[in-house]
Amino acid sequence: MKKIILSVVLLLSAAWSASVAAVPEGTVVFRFDGTPGHDIDYRIPAITRVNAGPHAGRLIAASDYRYCKQDIGGGRIDLHIAYSDDNGATWSNPADFVDAAGNPVAKGTGAPGDTITNLDCGFGDAAIVSDRETGEIMMLACCGRQNLFRSTRENPQPSARWWSKDGGDTWTAPDYSLWEEIYGLFDGTIPEKKIDGQFIGSGRVMQSSRIKVGDYYRLYAVNSVQNNHGRTMRNYVLYSDDLGRSWHILGDPMIAPVPADGDEPKAEELPDGSVLLAARGRRYGRHFNIFRYSDPAKAEGQWGKAILTNMGYENGLAACNGEILIVPVIDTASGKETTLALQSVPLSAKRENVGLLYKVLDSPADYDSPDDFSQWDGTFQVSDTGSGYSTMIQQADGNIAFLYEEEPAPRIYYNIVYKNLPIELITDGRYKAKI
């Protein structure tokens with residue numbers, strides 16, 4: 001892929017306060033501004049960092065390339081990839097995901113028909129992860145011709161998956177067995193256990209730093225499921241102990257961690273190894289719940305009681321996809337090592353002013369209940385204009401690679417923009433990265 005040099009300027013001179021944001025400049029990784037060559041919609045960012053091997057430290061970004069200008073089910077959608085080998089200073093030009101022979105493996109055909117016979121109609125809503133020991137990458141995405149809310153068990157919205165062992169340069173062919181496997185987890189003789197539609201939340205698949213069963217540390221991906229054409233929406237966490245080759249439901253499948261009005265979800269690992277679920281509310285705010293293990297190796301344990309909250313944000317929070325990320329940090333005043341939770345959201349009741357809420361997790365008392373995530377310690381505004389979905393990962397240098405949707409002009413949706421955010425900038429100098 002040809003490299004393009006794009007500078008990233010960080011405005012470090014101005015301290016952050018709740019009313020005045022030190023908003024850094026960004027790099028447009030995937031461009032859609034209506035000009036020739038940039039007139040097809042980009043949406044739905046995903047990001048990971050390669051964790052091992054010759055490409056260790058590489059940032060890999062993915063985005064929908066929406067010929068059909070709709071979600072999956074509306075027609076042709078391709079997935080595009082871009083990467084950075086220098087902590088976001090420069091990015092490759094957007095390109096197709098390809099196999100070893102250079103053939104695209106996530107390019108939609110736009111073919112009409114039903115889901116079962118047109119799984120390659122389109123690909124979108126990617127979620128991605130790099131194994132912490134081998135660097136192998138796994139990606140999930142929706143596919144096919146079916147829309148989530150039209151989906152039925154007989155003609156469902158499906159999913160596909162891919163793997164890469166060379167830092168994202170080449171990929172396997174799409175494996176279409178994922179959708180039947182996941183729907184099958186919810187089949188059974190009890191009607192309430194069956195689902196009509198599901199998809200995995202886009203962005204970042206989370207990998208445990210503590211639980212390893214067999215050759216791999218555990219993966220967590222969170223799905224939204226619907227029944228009766230969206231009249232009921234719930235969230236479940238799925239886990240995999242073989243880098244996404246097989247999946248299981250975390251907890252009792254009859255007890256959804258978010259039992260109502262759950263939308264696009266994410267998961268993160270708390271400092272004690274418990275699993276934090278953070279899901280977009282269908283109408284506003286975010287749901288939070290926590291899974292506590294009784295036997296981590298056997299994935300046994302139970303969920304708490306979910307909450308729906310505006311996270312202390314007085315003006316309310318828009319219903320919008322965002323990312324949850326927990327990173328080790330150092331208190332700059334005391335030198336104490338601690339942990340910081342980051343949640344990306346529009347800092348508005350509309351899709352605008354995307355930013356971060358942060359919360360310090362000094363002790364187990366700070367995360368012993370989902371209710372603890374109704375209040376956060378501070379905010380940092382990333383965008384000062386119309387903006388939407390966002391995702392993030394920690395870079396090799398400790399900074400936060402922040403990837404999000406931002407309007408290049410009013411009512412033009414969207415460019416996919418990268419920003420390099422030091423922990424000190426996000427927290428007004430209170431904390432720095434522990435690397």
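Mentor: A nonpolar core is a set of buried Ala, Val, Leu, Ile, Met, Phe, Trp, Tyr and Cys residues joined through side-chain atoms within 4.5 Å, where buried means under 20% relative accessible area, exposed over 50% and partly exposed in between, with a 1.4 Å probe and protein chains only. The model before you is predicted, so local features need pLDDT of at least 70 and side-chain atom pairs count only at pLDDT 80 or more, while totals for chains, interfaces and linings use all residues. Residues are numbered from 1 along each chain as its sequence is written, and side-chain values use heavy atoms, with hydrogens and water left out.

Trainee: How many residues does the largest nonpolar core have, and which of them have the most contacts inside it?

Mentor: In soluble globular proteins, nonpolar side chains tend to be buried together. Here the largest core has 44 residues, and Leu79, Phe97, Met138, Trp162 and Trp171 are those with the most contacts inside it. Among the elements that give two or more residues to this core are β4 (59-66), β5 (78-84), α1 (178-185) and β14 (216-227), the elements being DSSP runs numbered from the N terminus, with helices (H or I) of at least four residues and strands (E) of at least two. The largest share of this core, six residues, comes from β9, which spans 137-143.

Trainee: Which residues does Met138 touch?

Mentor: If residues up to four places away in sequence are not counted, Met138 touches Ala127, Ile128, Val129, Trp162, Trp163, Val205, Leu219, Leu243, Gly244 and Trp247, a contact being heavy atoms within 4.5 Å. A second, separate core has 22 residues, including Val327, Val354, Ile423 and Ala433.

Trainee: Where does Gly122 lie, and is it buried or exposed?

Mentor: Gly122 lies in the loop between β7 (95-96) and β8, and it counts as buried because its relative accessible area is 0%. Beyond four places in sequence, Gly122 touches Ile72, Gly75, Ile77, Gly108, Cys142, Cys143 and Gly144, whereas its C-alpha atom is separated by 26 Å from that of Ser84, 38 residues apart along the chain. Asn415, which has its place in strand β28 (residues 415-421), is likewise buried, since its relative accessible area is 5%.

Trainee: What is the volume of the largest pocket, and which residues lie nearest its centre?

Mentor: Rolling a probe the size of a water molecule over the atoms shows where empty space is left. The largest pocket has a volume of about 690 Å³, and of the 29 residues that line it, Arg132, Arg204, Gln207, Ser209 and Ile326 lie nearest its centre. On a 1 Å grid over the protein atoms alone, a pocket is an open set of points with protein on both sides within 12 Å along at least five of seven lines, a cavity is a set where a 1.4 Å probe fits but cannot get out, and lining residues have an atom within 4 Å of a point. Points are joined across faces, edges and corners, and a volume is the space filled by probe spheres set on them. Strand β13 gives the most to the lining of the largest pocket, with five residues.

Trainee: How many cavities of 30 Å³ or more does a search of the whole structure find?

Mentor: The search finds two. The largest cavity has a volume of about 50 Å³, and its lining includes Ile200, Arg204, Tyr220 and Pro265, with β14 and β17 each supplying at least two residues. The second largest cavity holds about 30 Å³ of space, and the largest share of its lining, three residues, comes from β26.
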